[in-house]
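Let's take a walk through this structure together, one feature at a time. Have a look at it first, and then we'll start with a term that comes up again and again.

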Amino acid sequence: MRQLIAAVAVGGICILSAGCHGQANQGPKASTTTTTTTTKAPPPVMEGSLKEFLLPLEQINVVMGTTDMKVTNSRTAMSDDSATMTPRECLAIDGSAQAQVYAESGFMAERDETLNRQEGDNLTHFAEQAVVLFPTAKMAGDFFTASAAQWQACHDYTHVQSRTNWTVAAISNANGVLSTTSTLQDPPASGWKACGRALTVKNNVVIDVNTCCVDPKNSAVDIANQIAAKVR
């Protein structure tokens with residue numbers, strides 16, 4: 001039925017246009033093209049670029065809300081503080097770039113700096129910024145995913161040497177940044193009272209940050225995001 005109606009309609013059009021002679025001339029057919037836009041993944045970061053991603057001292061001072069922090073250590077190998085705290089599942093929360101945390105991850109290299117501000121016998125501000133290189137962006141992303149699950153297992157931990165106890169706040173995983181804050185129980189009158197942690201990934205680089213002071217607020221997240229902005 002649809003074919004019959006279509007035929008009658010075409011015939012009517014031909015009559016109105018002074019008749020059809022043989023096959024109707026339908027004119028040139030419009031060609032259709034499909035354009036596909038693909039985003040090329042950036043090349044992996046090489047080890048020689050790692051150091052340049054760390055923030056300069058002046059920038060760390062601004063984020064930490066002070067003016068006179070000093071670089072106290074620069075490393076190309078990870079620390080192992082597992083003997084100084086318990087339980088083991090909280091090692092990743094207690095500090096950044098820990099050797100045992102990254103032991104089975106397949107990472108290739110790392111660079112990190114520790115910065116302090118001391119007032120008398122007390123450390124009032126602390127920051128550690130680390131960048132960890134993986135062979136591929138997928139491996140770096142896999143480490144981030146594993147860390148998101150691992151961090152959830154930590155709620156409280158103890159520093160064995162100082163016999164201080166720490167309580168871990170809820171773990172946040174927002175905008176590509178894993179973060180939390182640990183609060184010192186029964187803190188002294190002076191010195192830091194809480195520490196912030198942040199972990200994020202950009203390309204094949206994991207960015208691992210720890211900050212401590214009276215109130216670290218979002219300092220660890222801010223430093224991690226500023227480092228990530230420098231990675232291509």
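This is a predicted model: local features need pLDDT of at least 70, side-chain atom pairs count only at pLDDT 80 or more; totals for chains, interfaces and linings use all residues.

A residue counts as buried when its relative accessible area is under 20%, as exposed when that area is over 50%, and as partly exposed in between (1.4 Å probe, protein chains only). Residues are numbered from 1 along each chain as its sequence is written, and side-chain values use heavy atoms, with hydrogens and water left out.

Let's begin with the cysteines. A disulfide is a covalent bond between the sulfur atoms of two cysteines. Here it is called by distance, as a pair of cysteine sulfur atoms within 2.5 Å, and by this rule there are 2 disulfides. One of them joins cysteine 90 to cysteine 154, with 2.1 Å from S to S. It is right-handed, with 110° about the S-S bond. To place its two ends, you need the element names: helices (H or I, at least four residues) and strands (E, at least two) are DSSP runs, numbered from the N terminus. Cysteine 90 sits in the loop between strand S2 (85-86) and H4, and cysteine 154 in the loop between H6 and S5, so this link ties together parts that are 64 residues apart in sequence. Both cysteine 90 and cysteine 154 are buried.

The other disulfide is formed by cysteine 195 and cysteine 212, whose sulfur atoms are 1.9 Å apart. Its torsion about the S-S bond is about 110°, so this disulfide is right-handed. Cysteine 195 belongs to strand S9 and cysteine 212 to strand S10, so the pair ties together parts 17 residues apart in sequence. Cysteine 195 and cysteine 212 are both buried. What about cysteine 213? Cysteine 213 is in no disulfide, and the nearest cysteine sulfur, that of cysteine 212, is 7.7 Å away. Cysteine 213 is buried too, with a relative accessible area of 6%.

Next come the aromatic rings. Rings of Phe, Tyr and Trp (its six-membered ring) pair if their centres lie within 6.5 Å; planes under 30 degrees apart count as stacked, over 60 as edge-to-face, and the rest as tilted. How many aromatic pairs does a search of the whole structure find? The count is 6. Among them is the tilted pair of tyrosine 102 and phenylalanine 134, 6.5 Å centre to centre with 40° between the planes. This pair links distant parts of the chain, since tyrosine 102 is in helix H5 (residues 99-102) and phenylalanine 134 is in the loop between S4 and helix H6 (137-151), 32 residues apart. Tyrosine 102 is buried at a relative accessible area of 1%, and phenylalanine 134 is buried at 0%. Another pair brings together tyrosine 157 and tryptophan 166: their ring centres are 6.2 Å apart and their planes at 5°, so the pair is stacked. Tyrosine 157 counts as buried at 3% relative accessibility, as does tryptophan 166 at 4%. Ring pairs also link Tyr102, Phe107, Phe134 and Phe143 into a cluster.

Now for the open space. A pocket is found on a 1 Å grid over the protein atoms alone: it is an open set of points where a 1.4 Å probe fits, with protein on both sides within 12 Å along at least five of seven lines, and its lining residues have an atom within 4 Å of a point. The largest pocket holds about 610 Å³ of space. It is lined by 30 residues, and the closest to its centre are Asp94, Phe126, His159, Trp166 and Trp192. Strand S4 gives the most to this lining, with 4 residues.

Finally, a few backbone details. Most residues other than glycine have a negative phi, and most peptide bonds are trans. Threonine 86 and proline 87, though, are joined by a cis peptide bond, with omega about 5°. Proline 87 lies in the loop between S2 and H4. Aspartate 186 has a positive phi, near 50°, and lies in the loop between S8 and S9. At 75% relative accessibility, aspartate 186 counts as exposed. Asparagine 203 also has a positive phi, near 55°, but this residue is buried, with a relative accessible area of 16%.

Key. Grid points are joined across faces, edges and corners, and a volume is the space filled by probe spheres set on the points.
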